[in-house]
Amino acid sequence: MPPERTDAATDTDDDDPDGGRIPLRNAAVLALAAIGAVILLVVAFRAPPPASAVATDRLGPAPGERVEQYLVDARDSLAGDDADQHWALVSFTEYRTPPALPAAAGGLRISGVIQHVPVDRVQTPVITVATPGGDEPAVKSAEAAAGLVAAQQFHDQRSADIARVTESRLRAGCACTAGVVVRGTLPQLRDLATQPGVRAVQALPDDAVAGRFAVSPLLPGSSDTVTPSPDDGPVPAE
């Protein structure tokens, strides 16, 4: 996916009409997405990455951006009357559980799920999981994110403790989904933006290319200005 950074590549292909198998090209995209998520997960445990110097399309607020301005820009991105498909970031007012995602996406194709375990004054990682077509991969995205966390090795105890809590809560089915990346037409996205629990929907231009845009979530707790959360609190046991 896509996915501050390029969180993960997204998969633009529709479901395989020949029995649900993912074509080799799709599998390669998903593999690259997983590799990217692992790399970025390591970074997330150490320090928030700086804004990218590479010009690229972007979904989500930039570091230091005012939330109020981002919400205005997100609404403006939905203006237009073309009938093309657009990549878009759906940000929730509150964290969602994985089973609620298909309904929360309004039936649109989910190509990426943003997982983040909120812990007061503890900087936990943001993990974007690329998902193929169908509801099941989105519902299982927390397990996929937990697997990425479990695969990491850490050289300091605090990072290891944060990883342990993150993995445990994701596997327990916590309400930890901050947003999803979807694909739909502007009328569909405008309708989705009016649904209860949806804080913002931001669309990219219709010529945006999958895997070539950055994704950084607007976390439900973000207000005023987008800044890193404090990391001076105790890490809970579970």
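These legends go with an overall view and some close-ups of a predicted model.

View 1. Start with the big picture: the protein has seven helices and seven strands. Reading from the N terminus, the order of elements is α-β-α-β-α-β-β-α-α-α-β-α-β-β. The chain counts 238 residues, and 47% of them are buried.

**View 2. The disulfide of Cys174 and Cys176.** Zoom in on Cys174 and Cys176, whose sulfur atoms sit 2.0 Å apart and form a disulfide. In general, a link of this kind is a covalent bond between the sulfur atoms of two cysteines.

**View 3. Cover around the two cysteines.** Stay with the pair for a moment and ask: is Cys174 buried or exposed? Cys174 counts as buried because its relative accessible area is 18%, and the cut-off for buried is under 20%. Cys176 is buried too, with a relative accessible area of 2%.

**View 4. Arg121 in its loop.** Now hop over to the loop that joins strand S3 (109-116) to strand S4 (126-130), where you'll find Arg121. What is the phi of Arg121? It is positive, at about 55 degrees, even though Arg121 is not a glycine. As a rule, most residues other than glycine have a negative phi. Arg121 has a relative accessibility of 40%, so it counts as partly exposed.

**View 5. Asp224, past strand S7.** Here's another residue with a positive phi that is not a glycine: Asp224, at about 65 degrees. Where does Asp224 sit? Look in the segment that follows strand S7 (213-215).

**View 6. Ala144 and Ala130.** Last stop: helix H5, which covers residues 141-150 and includes Ala144. With 34% relative accessible area, Ala144 is partly exposed. Now find Ala130 as well: how far apart are Ala144 and Ala130 in space? From C-alpha to C-alpha the separation is 9.5 Å, while in sequence Ala144 and Ala130 are 14 residues apart.

How values were computed:
Residues numbered from 1 in each chain as written. Predicted model: local features only at pLDDT ≥ 70, side-chain atom pairs only at ≥ 80, totals over all residues. Heavy atoms only, no water. Helix = DSSP H or I, 4+ residues; strand = E, 2+ residues; numbered from the N terminus. Buried < 20%, exposed > 50% of the residue type's maximum accessible area, 1.4 Å probe, protein only. Disulfide = S-S within 2.5 Å.
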